[in-house]
Every structure is written in C-alpha cells, then in structure tokens.
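Please look through the sequence and the model below before reading on, and keep both in view. The paragraphs that follow go from a single residue to the wider fold and back again.

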Amino acid sequence: KARDISVFQALSTEGDHIAGIPVRENSASINEFELVIVLGGDGTILRGAEISRLRKIPLLGVNLGHVGFMAEVEKLSLETVAASVISKSYSTDSRMVLAYSVERGGKLVSSGWSLNEVTIERTESTMVELLVQVDRRPLSRWGCDGLIAATPTGSTAYAFSAGGPVLWPNLDAVVLLPISAHALFARPMVISHQSEIVVEIESSAAMLSADALREFALVKGDRVTITGDESDILLAHVQPTLFTDRLVAKFKLPVEGWRGE
C-alpha cells in the first residue's frame, strides 16, 4: 500500500556484508534501513546482528519457535509487526558487545566481536591449560574444558547452562566462567565491562568462538584479549516487557499464588 516502505530479504550475511533481493522495486543503501526484522529465535537474531551492529539499526526478533530472551515473548502476526513499523511505536533497548583480539608472536592475527559470549575451549580429549589475567594482574591458571566470557545478554545462554548467574540486560558487566576446571577456585565471576581480560594459551591447541558464528584456531603461546566494545546493538520490541517477565515466561517460574500477584 501507499506507505512508502521498501522491503529487502537477506540471503546471506558475512561480516559487514549482506546479499539480498529487493521485494519492491526501490534501490536503497543498507545504511538507510530503518529496521532489521528477524523471523526466528535468538540464534537467528545473532546472525541478524551482523547487519545491524555498526549501522545502529534496531533489530526486531519475531519469535517463531520457543520463547527466546531477545525475540518477542509472544508470537506476533506480521500484520502486528507491520503496524508497529508504520506507526513507529516499537521501543528499543541497548545491549553491550564484547570485543576480542588474538596476538601471536606479538602480532595481531584475529579480532572480532560478540553479542552473547566469547569462549575458549579444548579441541582435544585432554583439558586446555589457560592462564587468565584481569586488569593486567594474574587471576588464576586453570586446567579446564574451557572458559566463557559472556555479556548480560549472553548470561542466559551458554554461560547459564554452564552454571553462571543471570544478569539483567541493562547492566554493563561481563560474566567470567571456567568450564569444569580442576581447581579449588573455579567459580563464576562478574566483572566490569571496562576490565581487560587476557587469556594465555598454555596447551598445544584450543578454539576461540564468538557467538558460535566466528571461530579461530588457537595455538600455544597465543594471547587472547577480551574487553567491552565501544559499539552496542539496539534490540527493538513491539510489545515491551520487563526482563523479569521474560525469565518467568522462559523458565515457567512458579508465580501463581504469589502474594503480590
């Protein structure tokens, strides 16, 4: 209809590039897009973030499967989503991002970002040996299955499954969590997003993964640095809900009969 709206469909995303087909005849730069709409769950939203991050385009997740923490809680019709876009009635919230870099022999060999988490995990049957520093001071040496550094957004994903705490998404903090470490002190920790986490690889090999989308093979002597990134990601919501309500919906928490209901 006469709404002056052009729609593009993403065929693939790689880094900051997008391949797509215009659904309507209209040439436009991706920088002119008002909204990126993702049909699916949180995993699909992570791929959609490839498009929206540097361009500050809000990312709206329309839930088509199980309830996700980033997608809408309720399953919305496309008509409802379209009406919200036309009226510009959707709301947005900002989510922090992690940046990582890998040095090998004093040279930068890889860098990237993550919305959920950066993990360093073993690639062999034996444990991976890691020396972890925070703010240029040694924290611990762990023989473990791996290490997770998660954002508040990612605290309800892999980090939660590994025993980490849930962080409300409006916090600026990082969950640091060793996986199955052979150590007396191997508890999950919550540190400032301004802190610098450095992980030195003391095993022959390991694998770095960011959001399970970007991977880099590590070797002994590699130095991985993880910090809060200067960029952030805007998530859009047609029906704003408190994070507390999302937790209740996701985990079916028992709130019936609560006195303050």
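Does Glu 124 count as buried, exposed or partly exposed? At 41% relative accessibility, Glu 124 counts as partly exposed, where buried means under 20% relative accessible area, exposed means over 50%, and partly exposed lies in between (1.4 Å probe, protein chains only). Before going further, please note that this is a predicted model, in which local features need pLDDT of at least 70 and side-chain atom pairs count only at pLDDT 80 or more, while totals for chains, interfaces and linings use all residues. Residues are numbered from 1 along each chain as its sequence is written, and side-chain values use heavy atoms, with hydrogens and water left out.

Glu 124 is found in the loop between E7 and strand E8 (128–134); helices (H or I, at least four residues) and strands (E, at least two) are DSSP runs, numbered from the N terminus. Not counting residues up to four places away in sequence, Glu 124 touches Ser 204 and Ala 205, a contact being heavy atoms within 4.5 Å. The C-alpha atoms of Glu 124 and Ser 204 are separated by 9.3 Å, although the two residues are 80 residues apart along the chain.

The protein chain as a whole can now be described. It has four helices and 16 strands, and of its 261 residues 42% count as buried. Among contacts between residues at least 6 apart in sequence, 63% join residues at least 24 apart. The chain exposes about 14000 Å², of which carbon and sulfur atoms supply 52%; such accessible areas come from the Shrake-Rupley method with a 1.4 Å probe, and for residues only the protein chains shown count as cover.

In soluble globular proteins, nonpolar side chains tend to be buried together. A nonpolar core is a set of buried Ala, Val, Leu, Ile, Met, Phe, Trp, Tyr and Cys residues joined through side-chain atoms within 4.5 Å. The largest such core in this model has 29 residues, and those with the most contacts inside it are Leu 130, Val 199 and Leu 218. Apart from it lies another core, of 15 residues, which includes Val 38, Ile 51, Ile 57 and Val 97. Leaving aside neighbours up to four places away in sequence, the residues that Leu 218 touches include Val 102, Ile 120, Ile 201, Met 207 and Val 224.

Ile 120 belongs to strand E7 (residues 117–121) and is buried, with a relative accessible area of 1%. Apart from its neighbours within four places in sequence, Ile 120 is in contact with residues including Leu 130, Asp 145, Val 199 and Leu 218. The C-alpha atoms of Ile 120 and Asp 145 are separated by 8.7 Å, with the two residues 25 residues apart along the chain.

What can be said of the helices? In helix H2 (residues 78–87), Val 81, Ser 84 and Val 85 are buried. These residues lie on the same side of H2 because they cover an arc of only 100° around the axis, the arc being that of the directions from the helix axis to the C-beta atoms. Strand E3 (36–40) and strand E4 (59–63) are included in what covers the buried residues of H2, and the helix is followed by Lys 88, whose phi is positive, near 55°.

In H4, the residues Phe 243, Arg 246 and Leu 247 are buried. They too cover an arc of only 100° around the axis, which puts them on the same side of H4, and the cover over them includes strand E16 (223–237).

Rings of Phe, Tyr and Trp (its six-membered ring) pair if their centres lie within 6.5 Å, and planes under 30 degrees apart count as stacked, over 60 as edge-to-face and the rest as tilted. By this rule the count comes to four aromatic pairs. Trp 168 and Phe 243 form an edge-to-face pair, 4.9 Å centre to centre and with 75° between the planes. This pair links distant parts of the chain, 75 residues apart, with Trp 168 in the loop between helix H3 (158–161) and strand E11 (173–179) and Phe 243 in helix H4 (residues 243–251). Trp 168 is partly exposed, with a relative accessible area of 37%, whereas Phe 243 is buried, at 11%.
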